Amino acid sequence: MTTLRPPRLRASPWGRLATCPLLEVKGLKKHFASRTGLFGPRTLVRAVDGVDFSVAAQESFAVVGESGCGKTTLARLVLALETPTEGRVMFDGNDLNGVPPKRLRALRREFQAVFQDPFSSLDPRMTVADIVCEPFAIHGLYRGPALRSRRLDFLLDAVGLARGHRDRYPHEFSGGQRQRIGIARALAMDPRLLVLDEPLSALDVSIQAQILNLLKDLQRDLRLAYLFISHDICVVRHLAGRVAVMYLGVIVELSEAEGLFRDPQHPYTEALLSAVPIPDPSARRGRKRALLSGETPSPAAPPAGCRFHPRCRYAVDSCKTQVPKLRETSTGASSACPVRPFASRPSEAAIGVRP
Ligand SMILES: Nc1ncnc2c1ncn2[C@@H]1O[C@H](COP(=O)(O)OP(=O)(O)OP(=O)(O)O)[C@@H](O)[C@H]1O
Ligand code: SF4
Ligand SMILES: [Mg+2]
């Protein structure tokens, strides 16, 4: 059956050559001014504090980190739902905060979002058909009912929902099915990039695997690029080609996924992997753990020097004053730790990580 794809956007004077990365994030910062109580002191929350990365067309790129490290803020910046305090988000060569509003509206067709909570992200008064076809009305595509219906069938097939579900309401579906509806809506305009912000974390573990497999299949079949955001480092192993590890608003390690799990370069990555439960008791006995101690500091008052130093078991005096930059290590990964490049010794953390 035909996929009935909408026409691609034409190149624009703001666009660059087709060889540029699909998504380029440069020196990106987002600081929120916040106040404790009505008369409390004003503080600056450094949610995202200088992030650089790029995502190629059809690449699956993951961002992982603990709660509060700035993942959702980063996703909202990439989706042009927030204005950066500093830095740029380039999509296909277009600076999303520099293009005229009309061009931005057209570009939005090409990058879409799937959110964490499939319960609150769907309007309970709309049927599946209304939800999935809503973007067609916004962008003036698939105007005829027959065209719209064929496109809807294609999208329902693609996400594994029955065509007969089109007239049902969100409350009639399970969590996993609702997430499928959300994915169908995100695919409606045939985007090139999906920003997936914790798309599995509200689902039961058994359903997570199904949605993960669906996302893998869709990426391959529809040639999508993913910016996949998760607090669960295990999940990204199955989906991502490259992984950025985020801590308190900055990227501390950027690596090919396999290399990251085999040979983590940054102590924070090592600690994240060390916290992964191992089902096999014999493998569990042989593992040396590098568990994280202490709470994540507040992004309103990040520690001086290396932000990870109050929790780092390798910290030396210079870590308290010197801000480490991401640098390439001998494994080809980039790590923001000049003290502990782990390339020279076998990884302790990667032992027995859950497949
Ligand atoms: N609009 C806002 N105003 C003030 N502070 C904000 C705002 N949005 C986010 N923050 C703060 O920025 C920091 C990063 O938040 P963010 O939601 O991006 O983290 P996260 O990594 O997505 O966390 P989680 O895993 O819990 O979803 C948090 O300290 C949060 O309280
Ligand atoms: S720079 Fe120092 S504190 Fe930071 S991760 Fe490396 S060893 Fe730990
Ligand atoms: Mg979040």
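In this predicted model, helix 1 gives the largest share of the shell around ligand 1, namely 3 residues. The shell around ligand 1 holds 13 residues, of which Phe32, Ala47, Ser67, Thr72 and Thr73 come nearest.

Ligand 2 has another set of residues around it: Pro267, Cys306, Phe308, His309, Cys312, Tyr314, Ala315, Cys319, Pro324, Cys337, Val339 and Arg340. By class, 10 of the residues in the shell around ligand 2 are nonpolar, 1 is polar and 1 is charged.

The helix pairs come next. Helix 3, residues 128–139, packs with helix 4, residues 145–159, at an angle of about 115 degrees. The axes of helix 3 and helix 4 are 10 Å apart, and their crossing is right-handed. On the helix 3 side, Ala129, Val132, Cys133 and Phe136 take part; they meet Arg148, Leu152 and Leu155 of helix 4. This contact of helix 3 with helix 4 has 6 nonpolar residues, 1 charged residue and no polar ones.

How are helix 5 and helix 6 set against one another, by angle and by distance between axes? Helix 5 (residues 175–187) and helix 6 (residues 205–222) pack at about 20 degrees, and their axes are 10 Å apart. Angles under 35 degrees count as roughly parallel, so helix 5 is roughly parallel to helix 6. The crossing of helix 5 and helix 6 is right-handed. Helix 5 contributes Gly175, Gly176, Gln179 and Leu187 to the contact, and helix 6 contributes Ile207, Gln210, Ile211 and Leu222. By class, the contact of helix 5 with helix 6 has 4 nonpolar and 4 polar residues, with no charged ones.

The average pLDDT of the protein chain is 88, and 86% of the residues score at least 70. Over residues 9–18, however, the pLDDT is below 50, and this stretch has 13 contacts in the model beyond near neighbours in sequence. The pLDDT is also below 50 over residues 343–355, a stretch with 38 contacts beyond near neighbours in sequence.

Technical notes: Residues are numbered from 1 along each chain as its sequence is written. Chains are lettered from A and ligands numbered from 1 in the order in which they are written. This is a predicted model: local features need pLDDT of at least 70, side-chain atom pairs count only at pLDDT 80 or more; totals for chains, interfaces and linings use all residues. pLDDT is the predictor's confidence in each residue, from 0 to 100. Two residues are in contact if their C-beta atoms, placed from the backbone, lie within 7 Å. A residue is near a molecule or strand if its C-beta atom, placed from the backbone, lies within 6 Å of it. Helices (H or I, at least four residues) and strands (E, at least two) are DSSP runs, numbered from the N terminus. Ala, Val, Leu, Ile, Met, Phe, Trp, Tyr, Cys and Pro count as nonpolar, Asp, Glu, Lys and Arg as charged, and the others, Gly among them, as polar. Axes are lines fitted to C-alpha atoms, for helices over the stretch in contact, and angles run from 0 to 180 degrees between N-to-C directions. Angles under 35 degrees count as roughly parallel, over 145 as roughly antiparallel, 65 to 115 as roughly perpendicular and the rest as oblique. A crossing is left-handed if the near helix is turned anticlockwise from the far one by less than a right angle, and right-handed if clockwise.
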